[in-house]
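Please work through the following exercises with the sequence and the model side by side, trying each task before reading its solution.

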Amino acid sequence: MADLNPAQQSERDAALKALFARLDEAFKATIVAINRLTPTIIEVVVKAPMAAEKFHPGQFYRVQNYEAFAPVVEGTVLAAEGLALTGAEVDKEKGTISLIALEMGSSSRLCSTWKVGDPLVIMGVTGTPTDIPTGKTVLLLGGGLGNAVLFSIGKALRAAGNKVIYFAGYKYAQDRFKVEDVEAAADIIIWSVDKGEGVTAITPTRPQDKTFVGNILECMLAYAKGELGEQPVSLADVDHLIVIGSDRMMAAVKSARFDVLKPYLNKAHHAIGSINSPMQCMMKGICAQCLCKHVDAETGKEYFVYSCYDQDQDLDKVDFPHLNARLRQNTVQEKLSNLWLDYLLEKQQS
Ligand code: FES
(Lines give C-alpha, C1' and ligand atoms only; values in the text may rest on other atoms or scores of the structure.)
Protein backbone atom coordinates (compact mmCIF):
# COMPACT_ATOMS: atom_id res chain seq x y z
CA MET A 1 0.00 0.00 0.00
CA ALA A 2 1.39 3.38 -0.97
CA ASP A 3 2.51 5.67 1.87
CA LEU A 4 -0.07 8.26 2.82
CA ASN A 5 0.84 11.89 2.61
CA PRO A 6 0.21 14.02 5.73
CA ALA A 7 -3.17 15.23 4.46
CA GLN A 8 -4.30 11.67 3.77
CA GLN A 9 -3.04 10.52 7.16
CA SER A 10 -4.99 13.14 9.00
CA GLU A 11 -8.07 12.34 6.92
CA ARG A 12 -7.67 8.63 7.82
CA ASP A 13 -7.16 9.48 11.52
CA ALA A 14 -10.26 11.66 11.53
CA ALA A 15 -12.29 8.89 9.88
CA LEU A 16 -11.04 6.33 12.42
CA LYS A 17 -11.82 8.69 15.30
CA ALA A 18 -15.33 9.19 14.00
CA LEU A 19 -15.78 5.42 13.58
CA PHE A 20 -14.61 4.71 17.15
CA ALA A 21 -16.89 7.44 18.46
CA ARG A 22 -19.84 5.85 16.63
CA LEU A 23 -18.93 2.39 17.97
CA ASP A 24 -18.55 3.75 21.51
CA GLU A 25 -21.90 5.50 21.27
CA ALA A 26 -23.63 2.34 20.00
CA PHE A 27 -21.98 -0.33 22.15
CA LYS A 28 -20.91 1.26 25.44
CA ALA A 29 -23.34 0.90 28.33
CA THR A 30 -23.55 3.63 30.97
CA ILE A 31 -25.79 3.87 34.02
CA VAL A 32 -28.18 6.83 33.73
CA ALA A 33 -30.38 6.23 36.79
CA ILE A 34 -30.73 3.96 39.79
CA ASN A 35 -34.20 3.86 41.34
CA ARG A 36 -35.33 2.01 44.40
CA LEU A 37 -38.73 0.45 43.62
CA THR A 38 -39.39 -1.51 46.84
CA PRO A 39 -37.23 -2.31 49.89
CA THR A 40 -35.85 -5.33 47.99
CA ILE A 41 -36.21 -4.42 44.31
CA ILE A 42 -34.01 -1.96 42.47
CA GLU A 43 -34.10 -0.54 38.95
CA VAL A 44 -30.92 0.27 37.05
CA VAL A 45 -31.49 2.33 33.90
CA VAL A 46 -28.71 2.00 31.37
CA LYS A 47 -27.97 3.83 28.15
CA ALA A 48 -26.87 1.14 25.70
CA PRO A 49 -28.29 2.02 22.27
CA MET A 50 -27.37 -1.11 20.29
CA ALA A 51 -28.42 -3.49 23.08
CA ALA A 52 -31.72 -1.59 23.34
CA GLU A 53 -32.33 -1.63 19.59
CA LYS A 54 -32.00 -5.41 19.37
CA PHE A 55 -34.41 -6.17 22.24
CA HIS A 56 -37.67 -8.05 21.81
CA PRO A 57 -40.13 -8.82 24.63
CA GLY A 58 -39.13 -11.83 26.71
CA GLN A 59 -35.38 -11.47 26.07
CA PHE A 60 -32.77 -10.54 28.64
CA TYR A 61 -29.21 -9.35 29.16
CA ARG A 62 -26.16 -10.51 31.09
CA VAL A 63 -25.25 -7.62 33.37
CA GLN A 64 -22.27 -7.00 35.66
CA ASN A 65 -20.11 -4.11 36.82
CA TYR A 66 -16.48 -3.63 35.79
CA GLU A 67 -13.98 -4.80 38.34
CA ALA A 68 -11.94 -1.64 37.64
CA PHE A 69 -14.82 0.56 38.80
CA ALA A 70 -15.86 -1.60 41.75
CA PRO A 71 -15.04 -0.41 45.26
CA VAL A 72 -12.57 -2.49 47.25
CA VAL A 73 -13.47 -3.11 50.89
CA GLU A 74 -11.12 -5.00 53.20
CA GLY A 75 -9.37 -6.48 50.16
CA THR A 76 -12.61 -7.71 48.55
CA VAL A 77 -13.48 -6.25 45.15
CA LEU A 78 -17.23 -5.62 45.06
CA ALA A 79 -17.59 -6.99 41.53
CA ALA A 80 -20.80 -8.78 40.61
CA GLU A 81 -21.03 -12.05 38.74
CA GLY A 82 -23.12 -11.92 35.56
CA LEU A 83 -26.79 -11.35 36.38
CA ALA A 84 -29.58 -12.38 33.99
CA LEU A 85 -31.85 -9.33 33.89
CA THR A 86 -34.77 -8.66 31.60
CA GLY A 87 -35.33 -5.42 29.76
CA ALA A 88 -38.39 -4.44 31.76
CA GLU A 89 -38.76 -1.33 29.66
CA VAL A 90 -36.72 -0.57 26.60
CA ASP A 91 -36.78 2.81 24.88
CA LYS A 92 -35.24 2.21 21.47
CA GLU A 93 -35.33 5.89 20.54
CA LYS A 94 -33.46 7.04 23.62
CA GLY A 95 -31.36 3.86 23.64
CA THR A 96 -32.16 3.10 27.28
CA ILE A 97 -32.92 -0.16 29.05
CA SER A 98 -34.57 -0.52 32.44
CA LEU A 99 -33.15 -3.50 34.32
CA ILE A 100 -34.94 -4.65 37.44
CA ALA A 101 -33.24 -6.80 40.06
CA LEU A 102 -34.41 -8.55 43.19
CA GLU A 103 -31.73 -7.94 45.80
CA MET A 104 -31.46 -11.46 47.08
CA GLY A 105 -27.98 -12.79 46.28
CA SER A 106 -24.72 -10.97 46.92
CA SER A 107 -24.31 -9.94 43.25
CA SER A 108 -27.80 -8.46 42.91
CA ARG A 109 -27.32 -6.68 46.26
CA LEU A 110 -24.32 -4.90 44.74
CA CYS A 111 -26.57 -3.06 42.24
CA SER A 112 -27.39 -0.48 44.90
CA THR A 113 -23.67 0.32 45.25
CA TRP A 114 -23.34 1.20 41.56
CA LYS A 115 -23.18 4.86 40.53
CA VAL A 116 -24.86 6.92 37.84
CA GLY A 117 -22.27 7.59 35.11
CA ASP A 118 -20.41 4.30 35.66
CA PRO A 119 -20.00 1.98 32.67
CA LEU A 120 -21.57 -1.47 32.92
CA VAL A 121 -20.97 -4.75 31.11
CA ILE A 122 -24.14 -5.52 29.15
CA MET A 123 -23.95 -8.70 27.08
CA GLY A 124 -26.82 -9.47 24.76
CA VAL A 125 -29.57 -9.27 24.07
CA THR A 126 -29.88 -13.00 24.71
CA GLY A 127 -32.67 -15.56 25.02
CA THR A 128 -35.41 -15.85 22.42
CA PRO A 129 -38.19 -13.34 21.74
CA THR A 130 -41.46 -14.51 23.25
CA ASP A 131 -43.87 -15.77 20.64
CA ILE A 132 -46.57 -13.12 20.19
CA PRO A 133 -49.74 -14.53 18.58
CA THR A 134 -52.55 -12.40 17.15
CA GLY A 135 -56.25 -12.33 17.91
CA LYS A 136 -56.00 -14.71 20.90
CA THR A 137 -56.89 -14.51 24.56
CA VAL A 138 -53.72 -14.82 26.62
CA LEU A 139 -53.44 -15.32 30.36
CA LEU A 140 -50.34 -13.90 32.05
CA LEU A 141 -49.39 -15.14 35.46
CA GLY A 142 -46.64 -13.27 37.26
CA GLY A 143 -45.17 -13.76 40.70
CA GLY A 144 -43.04 -11.06 42.37
CA LEU A 145 -40.11 -10.00 40.20
CA GLY A 146 -41.47 -12.19 37.39
CA ASN A 147 -43.94 -9.39 36.74
CA ALA A 148 -41.07 -7.27 35.37
CA VAL A 149 -40.69 -9.70 32.46
CA LEU A 150 -44.39 -9.52 31.67
CA PHE A 151 -44.60 -5.73 31.14
CA SER A 152 -43.12 -5.81 27.67
CA ILE A 153 -44.74 -9.13 26.78
CA GLY A 154 -48.23 -7.92 27.78
CA LYS A 155 -47.82 -4.65 25.89
CA ALA A 156 -46.67 -6.50 22.76
CA LEU A 157 -49.58 -8.96 23.06
CA ARG A 158 -52.11 -6.15 23.25
CA ALA A 159 -50.48 -4.28 20.37
CA ALA A 160 -50.84 -7.46 18.28
CA GLY A 161 -54.58 -7.55 18.92
CA ASN A 162 -54.71 -10.11 21.71
CA LYS A 163 -56.88 -9.87 24.80
CA VAL A 164 -54.80 -10.10 27.97
CA ILE A 165 -55.95 -11.24 31.41
CA TYR A 166 -53.18 -10.83 33.96
CA PHE A 167 -52.92 -12.43 37.41
CA ALA A 168 -50.23 -10.48 39.27
CA GLY A 169 -49.17 -12.01 42.58
CA TYR A 170 -47.05 -10.53 45.37
CA LYS A 171 -46.15 -11.44 48.91
CA TYR A 172 -47.17 -8.04 50.27
CA ALA A 173 -48.99 -5.06 48.74
CA GLN A 174 -45.83 -2.94 49.13
CA ASP A 175 -43.94 -5.37 46.86
CA ARG A 176 -45.74 -3.99 43.80
CA PHE A 177 -43.69 -1.88 41.43
CA LYS A 178 -44.34 -0.06 38.13
CA VAL A 179 -48.11 -0.36 38.52
CA GLU A 180 -48.77 1.71 35.39
CA ASP A 181 -46.66 -0.69 33.33
CA VAL A 182 -48.63 -3.68 34.63
CA GLU A 183 -51.84 -1.83 33.76
CA ALA A 184 -50.60 -1.06 30.25
CA ALA A 185 -49.85 -4.77 29.80
CA ALA A 186 -53.38 -6.07 30.42
CA ASP A 187 -57.07 -5.61 29.67
CA ILE A 188 -57.89 -6.84 33.15
CA ILE A 189 -55.64 -7.43 36.15
CA ILE A 190 -56.38 -9.53 39.19
CA TRP A 191 -54.00 -8.33 41.90
CA SER A 192 -53.28 -10.79 44.65
CA VAL A 193 -51.23 -10.80 47.83
CA ASP A 194 -50.41 -13.81 49.98
CA LYS A 195 -52.36 -14.42 53.18
CA GLY A 196 -50.61 -13.42 56.38
CA GLU A 197 -50.93 -11.46 59.55
CA GLY A 198 -51.81 -7.81 58.96
CA VAL A 199 -51.86 -8.26 55.18
CA THR A 200 -53.80 -5.60 53.31
CA ALA A 201 -55.38 -6.25 49.96
CA ILE A 202 -54.31 -4.15 46.98
CA THR A 203 -56.80 -1.48 45.93
CA PRO A 204 -57.09 -1.52 42.14
CA THR A 205 -57.08 1.84 40.38
CA ARG A 206 -59.00 0.77 37.27
CA PRO A 207 -62.69 -0.16 37.45
CA GLN A 208 -62.31 -3.50 35.65
CA ASP A 209 -59.47 -4.80 37.85
CA LYS A 210 -59.95 -7.09 40.87
CA THR A 211 -58.19 -7.83 44.10
CA PHE A 212 -57.67 -10.98 46.17
CA VAL A 213 -55.85 -12.18 49.27
CA GLY A 214 -54.45 -15.71 48.99
CA ASN A 215 -52.09 -17.59 46.74
CA ILE A 216 -52.22 -17.17 42.99
CA LEU A 217 -53.97 -20.49 42.36
CA GLU A 218 -56.69 -19.68 44.87
CA CYS A 219 -56.95 -16.32 43.15
CA MET A 220 -57.48 -17.91 39.71
CA LEU A 221 -60.07 -20.29 41.12
CA ALA A 222 -61.95 -17.48 42.86
CA TYR A 223 -62.01 -15.50 39.61
CA ALA A 224 -63.09 -18.54 37.58
CA LYS A 225 -65.94 -19.30 39.96
CA GLY A 226 -67.21 -15.73 39.73
CA GLU A 227 -66.41 -14.97 43.36
CA LEU A 228 -64.62 -11.75 42.37
CA GLY A 229 -67.60 -10.37 40.44
CA GLU A 230 -68.14 -10.19 36.72
CA GLN A 231 -65.52 -11.58 34.38
CA PRO A 232 -64.76 -9.23 31.49
CA VAL A 233 -62.44 -11.96 30.18
CA SER A 234 -63.49 -15.54 30.90
CA LEU A 235 -60.92 -18.25 31.66
CA ALA A 236 -62.91 -20.46 29.30
CA ASP A 237 -61.79 -18.21 26.41
CA VAL A 238 -58.07 -18.37 27.27
CA ASP A 239 -56.03 -19.87 24.41
CA HIS A 240 -52.56 -19.61 25.86
CA LEU A 241 -50.80 -19.11 29.22
CA ILE A 242 -47.48 -17.42 29.99
CA VAL A 243 -46.23 -18.01 33.52
CA ILE A 244 -43.25 -16.50 35.29
CA GLY A 245 -42.41 -16.58 38.94
CA SER A 246 -40.60 -18.81 41.40
CA ASP A 247 -40.01 -22.40 40.35
CA ARG A 248 -42.45 -23.51 43.06
CA MET A 249 -45.19 -21.23 41.77
CA MET A 250 -44.68 -22.45 38.20
CA ALA A 251 -44.68 -26.09 39.36
CA ALA A 252 -47.98 -25.48 41.19
CA VAL A 253 -49.53 -23.94 38.05
CA LYS A 254 -48.30 -26.86 35.95
CA SER A 255 -50.06 -29.42 38.15
CA ALA A 256 -53.19 -27.26 38.67
CA ARG A 257 -53.71 -27.15 34.92
CA PHE A 258 -54.45 -30.88 35.05
CA ASP A 259 -56.36 -30.68 38.31
CA VAL A 260 -58.29 -27.83 39.94
CA LEU A 261 -58.00 -25.43 37.00
CA LYS A 262 -58.83 -28.00 34.34
CA PRO A 263 -62.59 -27.39 34.26
CA TYR A 264 -62.04 -23.65 33.74
CA LEU A 265 -59.09 -23.59 31.36
CA ASN A 266 -60.48 -26.13 28.91
CA LYS A 267 -59.48 -24.23 25.77
CA ALA A 268 -55.87 -23.52 26.81
CA HIS A 269 -53.82 -26.45 25.60
CA HIS A 270 -50.52 -24.70 25.73
CA ALA A 271 -48.66 -23.02 28.58
CA ILE A 272 -45.24 -21.40 28.56
CA GLY A 273 -43.04 -21.00 31.61
CA SER A 274 -40.31 -18.39 31.39
CA ILE A 275 -37.57 -20.39 33.08
CA ASN A 276 -34.85 -18.75 35.10
CA SER A 277 -32.30 -21.54 35.53
CA PRO A 278 -28.93 -20.87 37.15
CA MET A 279 -26.95 -19.07 34.45
CA GLN A 280 -23.35 -18.24 33.76
CA CYS A 281 -22.28 -17.33 30.21
CA MET A 282 -25.77 -16.75 28.74
CA MET A 283 -24.18 -17.28 25.33
CA LYS A 284 -26.59 -20.01 24.22
CA GLY A 285 -24.77 -23.29 24.59
CA ILE A 286 -21.24 -22.50 25.76
CA CYS A 287 -21.03 -23.33 29.47
CA ALA A 288 -24.19 -25.47 29.95
CA GLN A 289 -24.80 -23.98 33.40
CA CYS A 290 -28.40 -23.26 32.38
CA LEU A 291 -29.38 -26.78 31.30
CA CYS A 292 -32.98 -27.53 32.24
CA LYS A 293 -34.37 -31.05 32.27
CA HIS A 294 -37.57 -31.78 30.37
CA VAL A 295 -39.67 -34.92 30.50
CA ASP A 296 -42.25 -35.75 27.87
CA ALA A 297 -45.21 -37.00 29.91
CA GLU A 298 -46.49 -39.21 27.09
CA THR A 299 -43.29 -41.01 26.13
CA GLY A 300 -41.30 -40.55 29.36
CA LYS A 301 -38.38 -39.32 27.22
CA GLU A 302 -35.94 -37.04 29.03
CA TYR A 303 -33.98 -34.29 27.33
CA PHE A 304 -32.21 -31.05 28.21
CA VAL A 305 -32.72 -27.49 27.05
CA TYR A 306 -30.41 -24.48 27.31
CA SER A 307 -32.53 -21.93 29.19
CA CYS A 308 -30.32 -19.05 28.07
CA TYR A 309 -31.04 -20.04 24.49
CA ASP A 310 -34.76 -20.42 24.99
CA GLN A 311 -36.17 -19.21 28.28
CA ASP A 312 -39.78 -19.78 27.17
CA GLN A 313 -40.31 -23.48 27.76
CA ASP A 314 -43.26 -25.82 27.57
CA LEU A 315 -44.52 -25.65 31.16
CA ASP A 316 -45.89 -29.20 31.04
CA LYS A 317 -42.48 -30.64 30.16
CA VAL A 318 -40.25 -28.85 32.67
CA ASP A 319 -38.98 -31.13 35.44
CA PHE A 320 -39.49 -28.72 38.35
CA PRO A 321 -37.93 -30.90 41.12
CA HIS A 322 -34.78 -30.99 38.97
CA LEU A 323 -34.89 -27.22 38.42
CA ASN A 324 -35.39 -26.65 42.14
CA ALA A 325 -32.36 -28.83 42.95
CA ARG A 326 -30.27 -26.91 40.39
CA LEU A 327 -31.34 -23.57 41.82
CA ARG A 328 -30.34 -24.69 45.29
CA GLN A 329 -26.98 -26.16 44.29
CA ASN A 330 -24.98 -23.17 45.55
CA THR A 331 -27.03 -22.38 48.63
CA VAL A 332 -24.13 -22.69 51.06
CA GLN A 333 -21.83 -20.43 49.04
CA GLU A 334 -24.68 -17.96 48.52
CA LYS A 335 -25.33 -17.76 52.26
CA LEU A 336 -21.64 -17.32 53.01
CA SER A 337 -21.23 -14.58 50.38
CA ASN A 338 -24.29 -12.79 51.70
CA LEU A 339 -22.88 -12.85 55.24
CA TRP A 340 -19.50 -11.62 54.00
CA LEU A 341 -21.20 -8.85 52.03
CA ASP A 342 -23.21 -7.80 55.14
CA TYR A 343 -19.90 -7.46 56.96
CA LEU A 344 -18.23 -5.52 54.13
CA LEU A 345 -21.13 -3.10 53.60
CA GLU A 346 -21.21 -2.39 57.33
CA LYS A 347 -17.46 -1.70 57.24
CA GLN A 348 -17.88 0.55 54.20
CA GLN A 349 -20.51 2.63 55.97
CA SER A 350 -18.65 2.95 59.26
S1 FES B 1 -25.65 -20.05 30.62
FE2 FES B 1 -23.95 -20.84 29.52
S3 FES B 1 -24.87 -22.04 27.98
FE4 FES B 1 -26.57 -21.13 28.99
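**Exercise 1. Find which elements each supply at least two residues of the lining of the second largest pocket.**

Step 1. The elements are α1 (6-27), α2 (49-53) and β8 (119-126), where helices (H or I, at least four residues) and strands (E, at least two) are DSSP runs numbered from the N terminus. A pocket is here an open set of points on a 1 Å grid over the protein atoms alone, where a 1.4 Å probe fits, with protein on both sides within 12 Å along at least five of seven lines, and its lining residues have an atom within 4 Å of a point.

Step 2. Strand β8 gives the most to this lining, with 5 residues.

Step 3. The second largest pocket has a volume of about 220 Å³, and of the 14 residues that line it, the closest to its centre are Phe 27, Lys 28, Ala 29, Leu 120 and Ile 122.

The model is predicted, so local features need pLDDT of at least 70 and side-chain atom pairs count only at pLDDT 80 or more, while totals for chains, interfaces and linings use all residues. Residues are numbered from 1 along each chain as its sequence is written, and side-chain values use heavy atoms, with hydrogens and water left out.

**Exercise 2. Trace the order of the strands in the closed barrel.**

Step 1. The barrel has 6 strands, which run β1-β2-β7-β6-β3-β8 with antiparallel pairing; two strands pair if DSSP finds at least two bridges between them.

Step 2. Within it, β2 (residues 41-47) and β7 (residues 96-102) are joined by 7 bridges, and Glu 43 stands opposite Ile 100 in β7.

**Exercise 3. Describe the largest nonpolar core and name the residues with the most contacts inside it.**

Step 1. This core has 35 residues, and those with the most contacts inside it are Leu 139, Ile 165 and Phe 167. A nonpolar core is a set of buried Ala, Val, Leu, Ile, Met, Phe, Trp, Tyr and Cys residues joined through side-chain atoms within 4.5 Å.

Step 2. Its largest share, 8 residues, comes from α6.

Step 3. Apart from it lies another core of 28 residues, among them Ile 31, Val 46, Leu 99 and Leu 345.

**Exercise 4. Decide whether Met 282 is buried or exposed.**

Step 1. Met 282 is placed in the loop between β14 (270-274) and β15 (291-295), and has a positive phi of about 60° although it is not a glycine.

Step 2. Met 282 is buried, with a relative accessible area of 1%; buried means under 20%, exposed over 50% and partly exposed in between, with a 1.4 Å probe and protein chains only.

Terms used:
Grid points are joined across faces, edges and corners, and a volume is the space filled by probe spheres set on the points.
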